[in-house]
Amino acid sequence: MNAQTFLAYDYPLLSMFWTMLLVFLWIMWFVLLFRIIGDIFRDDRLSGWAKAGWLVFCLLLPFLGVFVYVIARGKNMGHRETAHARARQEEFNEYIRKTASGGQRTSVDELARLSEIRDQGAITDEEFQRAKELVLSGHGPAEHAGHAPTTTGPSTR
């Protein structure tokens with residue numbers, strides 16, 4: 001028999017199971033370590049020195065650092081992850097809205113802009129009503145709907 005045959009006899013099935021379990025736990029340990037490092041950098045409430053301290057603690061004493069971090073700050077890790085995911089989803093949705101509209105402003109955007117201009121006092125209520133009617137009727141370009149209409153020009157109706 002050669003060396004490979006002896007290895008098969010010397011390494012039973014239970015030993016292979018324990019080896020696979022240890023490899024799995026080792027990989028899970030790195031996943032947890034990377035999640036904690038990501039959480040350290042994601043948390044806006046931590047100062048730069050606190051982030052550096054946690055990072056050094058988790059890298060120099062990895063087992064103790066990770067366990068202490070999970071005990072001390074683990075409760076809110078899920079909340080921070082959820083908030084980050086929601087913010088990314090909101091940015092993505094805003095990008096889709098802008099892309100789907102072709103970069104043009106919708107009538108809702110124009111009405112909100114008109115309302116802001118009126119609240120700032122740049123236009124009167126009468127000018128606001130006329131511009132609002134133009135936006136809602138769909139007459140005239142949308143980029144001119146936010147400006148106060150002139151009273152000397154011909155009517156667009």
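Which residues are linked in a network of salt bridges? In this predicted model, the answer is D39, D43, R45, R73 and R80.

View 1. The members to pick out are D39, D43, R45, R73 and R80, linked in a network of salt bridges. D39 is also on the list of buried residues in helix α2. Over the structure, the salt-bridge count comes to nine.

**View 2. Helix α2 and what covers it.** This helix takes in residues 13–42, 30 residues in total. From first C-alpha to last it reaches 43 Å, close to the 44 Å expected at 1.5 Å a residue. Its buried residues are W29, L33, I36, I37, D39 and I40. The cover over them includes α3 (48–60), α4 (62–73) and α5 (77–100).

**View 3. E81 and R42, a salt bridge between two helices.** The closest N and O atoms of this pair are 2.9 Å apart. E81 sits in helix α5 and R42 in helix α2, so the bridge ties together distant parts of the chain, 39 residues apart. E81 is partly exposed at 26% relative accessible area, and R42 is partly exposed at 26% too.

View 4. R97 counts as partly exposed at 46%, as does E94 at 35%. Over in helix α7 (residues 125–137), R130 and E126 are four residues apart, about one turn, and their side chains meet at 3.4 Å, N to O. Here R130 is partly exposed at 27%, while E126 is exposed at 55%.

**View 5. Aromatic pairs, two of the set.** The structure holds seven aromatic pairs. For F17 and W18, the ring centres are 5.4 Å apart and the planes make 65 degrees, so this one is edge-to-face. F17 is partly exposed at 44% relative accessibility, and W18 is partly exposed at 47%. W54 and F57 make a tilted pair, 6.2 Å centre to centre with 50 degrees between the planes. Both belong to helix α3, three residues apart, or about one helical turn. W54 is buried at 17%, whereas F57 is partly exposed at 24%.

**View 6. An aromatic cluster, and an arginine over a ring.** W26, F30 and F34 form one aromatic cluster. Elsewhere, R118 lies over the face of F128, 4.0 Å from the ring centre.

Technical notes:
Residues are numbered from 1 along each chain as its sequence is written. This is a predicted model: local features need pLDDT of at least 70, side-chain atom pairs count only at pLDDT 80 or more; totals for chains, interfaces and linings use all residues. Side-chain values use heavy atoms; hydrogens and water are left out. The expected span of a helix is 1.5 Å times one less than its number of residues. Buried means under 20% relative accessible area, exposed over 50%, partly exposed in between (1.4 Å probe, protein chains only). Contact means heavy atoms within 4.5 Å. Rings of Phe, Tyr and Trp (its six-membered ring) pair if their centres lie within 6.5 Å; planes under 30 degrees apart count as stacked, over 60 as edge-to-face and the rest as tilted. A charge sits over a ring if NZ of Lys or CZ of Arg is within 6 Å of the ring centre and within 35 degrees of the ring normal. A salt bridge is a side-chain nitrogen of Lys or Arg within 4 Å of a carboxyl oxygen of Asp or Glu.
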